[in-house]
Amino acid sequence: MGGGRVFKKTSGNGNIALYLGKRDFVDHVDHVDVVDGVIKVDPSGLDGRKVFVYLACAFRYGSEDLDVIGLSFRRDIWIQRVQVYPPTGETAAKTPMQESLMKKVGEQGCPFSFQMPTDLPCSVALQPAPNDSGKACGVDFEVKGYIAHVANNPDEVIEKKDTCRLMIRKIQFAPANNKAGPKAEISKQFMMTDKPVHLEAALEKEIYYHGDPITVKVKINNETSKVVKKIKVTVEQLTNVVLYSSDTYSKPVCTEEFGETVNANSSFEKSLQITPLLANNKEKRGLAVDGRLKDEDTHLASTTLSQGEKEMQGILISYKVKVNLMVSSGGLLGGLTGSDVTVELPLTLMSPKPAAVLFETR
């Protein structure tokens with residue numbers, strides 16, 4: 001384990017340096033990985049002050065560089081602070097990660113750890129408009145070491161050179177057990193017809209991975225005199241932003257029209273495939289994507305899994321698949337109407353759990 005990658009950030013004055021062995025921490029729904037690291041402290045530069053570390057989950061809107069005065073808004077959803085130097089006497093057993101980091105840091109290393117609660121959102125960003133490249137909006141997690149007299153005094157000025165910070169990510173992976181997918185149906189009667197058109201749609205499985213085609217099984221029993229000309233299948237992303245209030249934004253991320261005809265008094269059954277990809281949605285402002293630490297590739301934001309006991313704050317993501325029948329209205333003009341023969345199915349879109357996450361090797 002000793003050969004793993006180490007992430008390090010030193011303060012401007014060189015008196016403190018943060019060390020983490022990984023930057024991705026997994027939320028297993030019933031518990032979250034412990035965030036454990038080491039901070040190196042040079043006591044000669046403290047001038048009687050103390051060293052603290054905090055872990056904060058924040059909702060942020062504004063410029064990437066937080067030191068720019070301008071439109072910048074940040075609200076801590078959750079924050080925890082610990083004093084690491086001088087030691088407070090509470091010595092917890094070191095984790096294997098901390099043991100490994102201490103070997104690299106030496107005797108000036110002070111271990112710290114944080115246990116996040118299970119009701120925090122995951123790292124997620126809202127896509128800026130193409131010309132807004134510097135603007136960041138989303139939920140992020142930050143580990144920050146700082147030199148101060150007290151842990152949290154709004155009146156104490158902490159200079160930037162007395163701080164060092166590393167961004168981390170909280171991520172969720174798809175559960176290992178995939179179940180049968182959801183099913184929905186509707187019967188609809190049109191004006192001047194006495195019999196209905198019946199639509200049933202089902203997903204093959206409950207969870208789909210990013211980039212995989214989604215199979216929607218469609219059954220139609222058309223007992224009317226009208227003709228179903230097309231089937232429209234849409235995947236929508238629902239972004240619930242919970243801060244002062246709860247607002248939900250819905251954005252289509254994929255729409256396909258299938259030119260399948262279902263004549264009067266006939267039935268139809270077929271599996272249709274649709275693949276939502278971020279690559280096809282790069283211009284959509286406000287679309288949620290999975291959080292990233294650098295300019296690495298990302299994908300559409302993953303579904304937020306929760307135990308559902310407490311209301312979570314931040315940005316929560318869900319998806320749905322809509323199946324809509326386009327029906328000819330008959331008559332002389334025979335125009336198409338997007339009828340309201342529509343069913344919706346919940347969709348869980350996530351990444352599979354990697355084979356073994358021991359030490360990040362990137």
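This is a predicted model: local features need pLDDT of at least 70, side-chain atom pairs count only at pLDDT 80 or more; totals for chains, interfaces and linings use all residues.
Reader: How many aromatic pairs does the structure hold?

Author: There are three aromatic pairs here.

Reader: What describes a pair of aromatic rings?

Author: You look at the distance of the centres and the angle of the planes. Take F52 and Y146: their ring centres are 5.6 Å apart and the planes meet at 25°, so this pair is stacked. An angle under 30 degrees is what counts as stacked.

Reader: Where in the chain do F52 and Y146 sit?

Author: F52 belongs to strand β5 (residues 50-63) and Y146 to strand β9 (residues 135-148). They are 94 residues apart, and the pair links distant parts of the chain. F52, Y146 and Y54 form one aromatic cluster.

Reader: Is F52 buried or exposed, and what about Y146?

Author: F52 has 4% relative accessibility, so it counts as buried. Y146 is buried too, at 2%. The cut-off for buried is under 20%.

Reader: What about the rings of F112 and F114?

Author: Their centres lie 5.8 Å apart with the planes at 55°, so that pair is tilted. F112 is buried with a relative accessible area of 3%, and F114 is buried with 1%.

Reader: Now the hairpin, please. In which sense do strands β1 and β2 pair?

Author: Strand β1 (residues 7-10) and strand β2 (residues 16-20) pair in the antiparallel sense, over four bridges. F7 stands opposite L20 in β2.

Reader: Which residue between β1 and β2 takes a positive phi?

Author: That is G14, with a phi near 75°; the hairpin has five residues between its strands.

Technical notes: Residues are numbered from 1 along each chain as its sequence is written. Side-chain values use heavy atoms; hydrogens and water are left out. Rings of Phe, Tyr and Trp (its six-membered ring) pair if their centres lie within 6.5 Å; planes under 30 degrees apart count as stacked, over 60 as edge-to-face and the rest as tilted. Helices (H or I, at least four residues) and strands (E, at least two) are DSSP runs, numbered from the N terminus. Buried means under 20% relative accessible area, exposed over 50%, partly exposed in between (1.4 Å probe, protein chains only). Two strands pair if DSSP finds at least two bridges between them.
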